[in-house]
Amino acid sequence: MKWRCAWCGREYDAEVDPCDTCGHERVEQVPEDSASPFDADAFVWVCTNCGREHVKRSPPCVRCGNHDLERRGATDVDPGELSIPSYLAVGKPYILGVIAVVALVALALTGVIPIPGLSGPPAPPDAPGDADRSAGVELAAVESELYDRFEAARTDAGSTGRERDAGLDAYAEYATRHHVAERYDPSYDGSVPELDTFDPRCTVSPAFGIAEPSVDLSEHDDAAAADTLAEALLGDERFAELVIDDRRSEGIDVHAGPNGTVFVGYIAC
C-alpha cells in the first residue's frame with residue numbers, strides 16, 4: 001500500500017501530515033498499482049486577489065494577506081516569484097484577535113470582568129460587625145457545624161443528603177453582608193449580583209433567606225453556638241422545610257452584627 005494526498009495527489013511511502021507539496025492535512029491509503037495524478041511541477045497556488053503564485057497551498061497570500069488561493073497550472077512561471085509565507089505573515093490577520101482574547105482573560109483573572117468559572121465569585125462587600133470571629137467563636141466553624149446538624153435533620157426525616165456548594169456559600173456570604181450593610185451603614189449603596197455570577201451547581205430553582213435567631217455568641221463555644229442556632233432555625237417551620245425538602249446543594253453564612261445580632265444566610269437549590 002502507499003499513501004496519497006487527498007488534495008493534490010502526491011504519493012508517499014508512509015503516512016505524512018500535512019502534505020509536503022500543498023499543505024493539505026489528509027493523506028489516504030491507496031493500492032500500490034493505483035495510478036497517480038501527481039506531477040510536482042504541474043501546478044501552483046495563485047492568490048485570487050493579487051495573482052501572487054505560491055508553491056504550496058498555505059494561506060494567507062504572502063503579498064496581500066488574502067486567504068483564497070486557487071490551484072492553477074504552473075506554465076511559464078518564474079520560480080523566483082514562488083514563495084512560502086512566514087509565520088508572521090500567516091498570523092498577521094489574527095494578531096488583533098489574539099491580543100483581545102489575552103486582554104479579556106487578564107481582566108477576568110484580576111476580577112475586573114467577572115466570568116463564572118474563570119474569575120471566581122465577586123468579593124463580598126464590607127459590612128459592620130464580624131464575618132470571621134465574634135466573642136471568641138469562629139464563624140466558619142459554626143457554619144460547618146450547622147451543615148452537620150442540617151444533614152442529621154435530613155437523615156432523621158428520611159430526606160436526601162446535600163452538599164455544600166462553593167458558589168452557593170459565596171452567594172450566601174455576599175447577600176448576608178449586603179443585608180447587614182444596608183441596615184447599619186447609611187453610606188452603603190450596593191446591590192447583590194445575579195446568582196449565576198457565583199457559578200453555583202443548581203438543579204432546581206434556588207430558595208434564599210436570612211434568619212436572625214436570638215443567640216448570644218459570647219455564651220457559647222463553636223459547637224454549642226451551632227447547636228443553639230440549629231435548634232432555633234429548625235424550630236422555624238418554614239426554615240425547617242427548606243432544609244429538609246428535596247434539594248441537592250446548599251450554602252451557609254453566619255455573620256455577627258455590630259449590636260450582637262446573629263445573621264444566618266441560607267440558600268438551597
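This is a friendly dialogue about how to read a few features of the predicted model above.

Reader: Let me start with the overall picture. How many helices and strands are there in the protein?

Author: Keep in mind that this is a predicted model. The protein has six helices and 12 strands. Of its 269 residues, 35% are buried.

Reader: How do I read a single helix? Which residues of α6 are buried?

Author: Start with the general idea. An α-helix has 3.6 residues a turn, so residues three or four places apart point the same way. Now the case here: Phe 239, Ala 240, Leu 242 and Val 243 are buried in α6. Looking down the axis of α6, you find these buried residues within an arc of 160°, so they line one face of the helix.

Reader: Which residues does the face of α6 turned away from its buried side carry?

Author: That face has the exposed residues Glu 237, Arg 238 and Glu 241.

Reader: And what do the buried residues of α6 pack against?

Author: Their partners are helix α3, strand β10 (207–211), helix α5 (222–234) and strand β12 (262–268).

Reader: Let me take one of those partners. At what angle do α3 and α6 pack?

Author: To read a helix pair, look at the angle and the spacing of the axes. Helix α3 covers residues 139–157 and helix α6 covers residues 237–244; they pack at about 80°, with axes 9 Å apart. Angles from 65 to 115 degrees count as roughly perpendicular, and therefore α3 is roughly perpendicular to α6.

Reader: Which residues make the contact?

Author: From α3 come Phe 150, Ala 153, Arg 154 and Ala 157, while α6 brings Phe 239, Val 243 and Ile 244. Sorted by class, this contact has six nonpolar residues, no polar ones and one charged residue. Phe 239 and Val 243 are also among the buried residues of α6.

Reader: Now for charges. How many salt bridges does the structure hold?

Author: Here is the general idea. Side chains of opposite charge can pair when their charged atoms come close. This structure holds 15 salt bridges. One of them joins the side chains of Arg 162 and Glu 250, at 3.5 Å from N to O. Arg 162 sits in the loop between α3 and β9 (163–164), and Glu 250 belongs to strand β11 (residues 249–256), so this pair ties together parts that are 88 residues apart in sequence.

Reader: Are Arg 162 and Glu 250 buried or exposed?

Author: Both Arg 162 and Glu 250 are buried. They also belong to a network of salt bridges that links Glu 151, Arg 154, Arg 162, Asp 245, Arg 247 and Glu 250.

Reader: Which residue does Asp 245 meet in a salt bridge?

Author: The side chain of Asp 245 meets that of Arg 247, with 2.9 Å from N to O. Asp 245 is partly exposed at 23% relative accessible area. Arg 247 has 16% relative accessibility and counts as buried, because the cut-off for buried is under 20%.

Reader: What about Arg 248 and Asp 246?

Author: Their side chains form a salt bridge too, at 2.7 Å from N to O. Here Arg 248 is partly exposed, with a relative accessible area of 37%, and Asp 246 is exposed, with 56%.

Reader: Let me turn to the backbone. What is the phi of Ala 135?

Author: Phi of Ala 135 is near 55°, a positive value in a residue other than glycine. Ala 135 lies in the loop between β7 (133–134) and β8 (137–138), and is partly exposed at 49% relative accessibility. Asp 199 is not a glycine either, and has a positive phi of about 55°. You will find Asp 199 in the loop between α4 (166–184) and β10, partly exposed with a relative accessible area of 40%.

Reader: One last stop. Where is Gly 129, and which residues is Gly 129 in contact with beyond its neighbours within four places in sequence?

Author: Gly 129 is in the loop between α2 (95–109) and β7. Setting those neighbours aside, Gly 129 is in contact with His 255, Ala 256, Gly 257 and Pro 258. Gly 129 is partly exposed, with a relative accessible area of 37%.

Key. Residues numbered from 1 in each chain as written. Predicted model: local features only at pLDDT ≥ 70, side-chain atom pairs only at ≥ 80, totals over all residues. Heavy atoms only, no water. Axes fitted to C-alpha atoms, helices over the stretch in contact; angles between N-to-C directions. Helix = DSSP H or I, 4+ residues; strand = E, 2+ residues; numbered from the N terminus. Parallel < 35°, antiparallel > 145°, perpendicular 65-115°, else oblique. Contact = heavy atoms within 4.5 Å. Nonpolar A, V, L, I, M, F, W, Y, C, P; charged D, E, K, R; others polar. Salt bridge = Lys/Arg side-chain N within 4 Å of Asp/Glu carboxyl O. Buried < 20%, exposed > 50% of the residue type's maximum accessible area, 1.4 Å probe, protein only. Arc of directions from axis to C-beta.
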